[in-house]
Amino acid sequence: MTSLELLLLLNTAVLSGMCWQYELVLSNDGPITTGAHGTVEARLVPKPGSRQEQLEPQPYTFHWNVESPLAIVRSSEQELTSSITVHSLAPKLYALRAWVTRSGCSWCPPLAHGSIKLLVTDFVVGTLSLKQPNGSITFSRKEYELATNIPTQISFILYDPSDYFDTASFRYFWYFGDGERMVTNESYALHIYPTPGTYQLHLDVLAYLNHSQQRTGVYGASLNLLDTIKKIEVKSVDDIHADHRKNFYIYINGSPPLKVCWLVSRSCNSVIDHSCDLIELPSSTVSNVSYTFRDLGPYTFNVRAKNSVSTLQACYKITTWKNGIHPVWFIVPCVTLFTIILLFVLSIAMRKGSARKDPIEVADFDFSPMSDKSVKEAWAPSRGIVHLCCTPCGRQKHESHSLSRREAHSLLKFNHTQIQAYSQRPEICSSSPL
């Protein structure tokens with residue numbers, strides 16, 4: 001081996017060692033629609049942990065290899081980056097390769113190389129987006145989770161980095177999965193799901209490029225509708241005593257799966273931290289927990305419930321009693337005694353009211369047989385009979401004057417009074433025939 005060959009071998013080994021210190025990072029803006037333009041970019045960076053913390057400012061050459069019928073429309077290069085614009089009319093998943101060498105050294109091995117794939121499709125490219133006013137939507141790999149009875153805005157977001165569809169007109173066909181459908185010219189629709197459950201959302205997109213060309217797109221998503229947590233109830237069956245272990249039942253008005261965190265403290269906590277006891281309810285809305293109260297005094301049962309679409313926290317006051325007679329057994333007799341006294345006072349008042357009578361006014365009428373006519377008939381001379389009065393005549397005249405004076409009195413109002421019956425007759429001493 002000559003000295004020249006040995007020198008070339010050593011240079012190759014050195015340059016090959018330098019290749020392990022760099023890497024080429026490739027990216028693209030795919031997928032793209034057939035007829036649209038796509039961009040692919042390559043960037044030379046040092047490998048993590050290599051001694052080359054910073055690349056030397058020297059010229060590099062980027063080389064590209066694309067799979068047919070994908071064609072390069074234009075390319076551009078800077079010191080450490082290179083980008084190409086590609087185009088294809090045939091839908092396919094294309095493979096692209098790139099590598100970097102030092103400028104002016106054609107026989108030198110590449111410093112770094114890499115590959116990437118670009119998808120070209122006949123369909124309109126975009127994504128579905130769902131929003132609710134309360135921000136209760138969550139997304140997993142399989143489905144969206146939304147709240148029931150809340151307006152949901154479903155939007156189609158077009159992906160067109162090369163502005164290929166700027167002059168196109170669109171029409172959207174919405175199928176919400178609950179039997180409702182809608183056709184719009186706008187890229188969004190509003191819908192309300194009233195009941196919980198799983199729904200399959202479907203969207204057909206139709207884009208008119210011109211009179212002869214059009215593109216379509218089909219999109220769908222699985223929606224899991226859940227009821228928001230509206231109320232939390234905490235109930236205990238028996239009275240709560242100190243030094244006793246007590247069971248509590250937590251009822252949650254909301255759709256599972258649920259995560260319940262509870263804590264017993266002296267006051268209501270605005271934020272329940274990680275010190276609470278966590279319970280997971282995958283399919284139930286009721287949980288049974290227990291707690292032992294060591295001391296007397298007021299307590300607070302803090303509970304927080306959460307599902308995928310809502311969170312609710314509540315506080316409930318708890319009062320513990322000493323072992324023995326419950327205070328309610330003192331309250332009930334007191335209430336009973338107070339009721340009896342009240343009824344007794346009311347009965348006395350009603351009796352006094354019924355005992356009162358209206359005053360009686362008596363009209364001074366003389367309905368006795370000794371009226372004027374009767375008197376005249378009594379004292380009229382009869383055949384063979386003389387009536388003698390044993391009373392002095394002066395008294396008789398006085399009584400007759402009093403009688404006339406009584407008769408001259410005005411009539412009194414009749415007010416359910418008793419009429420006194422006068423049965424007194426003139427006293428006759430004796431009678432003898434003439």
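Guide: What follows covers charged pairs, a cavity and some backbone details. The model is predicted, so local features need pLDDT of at least 70 and side-chain atom pairs count only at pLDDT 80 or more, while totals for chains, interfaces and linings use all residues. Residues are numbered from 1 along each chain as its sequence is written, and side-chain values use heavy atoms, with hydrogens and water left out.

Visitor: How many salt bridges are there?

Guide: The count comes to 2 salt bridges, a salt bridge being a side-chain nitrogen of Lys or Arg within 4 Å of a carboxyl oxygen of Asp or Glu. One of them joins the side chains of Glu67 and Lys92, at 2.7 Å from N to O.

Visitor: Which parts does the pair of Glu67 and Lys92 tie together?

Guide: Glu67 lies in the loop between β4 (60–66) and β5 (71–77) and Lys92 in strand β7 (residues 92–102), so the pair links parts that are 25 residues apart in sequence. Strands here are DSSP runs of E with at least two residues, and helices are runs of H or I with at least four, numbered from the N terminus. Glu67 is partly exposed at 28% relative accessibility, and Lys92 is partly exposed at 34%, where partly exposed lies between buried (under 20% relative accessible area) and exposed (over 50%), with a 1.4 Å probe and protein chains only.

Visitor: And what does Glu233 pair with?

Guide: Glu233 forms a salt bridge with Lys231, at 3.2 Å from N to O; Lys231 is partly exposed at 45% relative accessibility.

Visitor: Changing topic, what is the volume of the largest cavity?

Guide: The largest cavity has a volume of about 40 Å³, the volume being the space filled by probe spheres set on grid points that are joined across faces, edges and corners. A cavity is a set of points, on a 1 Å grid over the protein atoms alone, where a 1.4 Å probe fits but cannot get out, and lining residues have an atom within 4 Å of a point. The lining includes His37, Tyr159 and Asp160.

Visitor: Where are the cis peptide bonds?

Guide: One joins Ser68 and Pro69, with omega about 10 degrees, and Pro69 lies in the loop between β4 and β5. Another runs from Pro256 to Pro257, with omega near 5 degrees.

Visitor: What about phi of Asn149?

Guide: Phi of Asn149 is near 60 degrees, a positive value in a residue other than glycine, and Asn149 sits in the loop between β11 (144–147) and β12 (152–158).

Note on methods: On a 1 Å grid over the protein atoms alone, a cavity is a set of points where a 1.4 Å probe fits but cannot get out, and a pocket is an open set with protein on both sides within 12 Å along at least five of seven lines; lining residues have an atom within 4 Å of a point.
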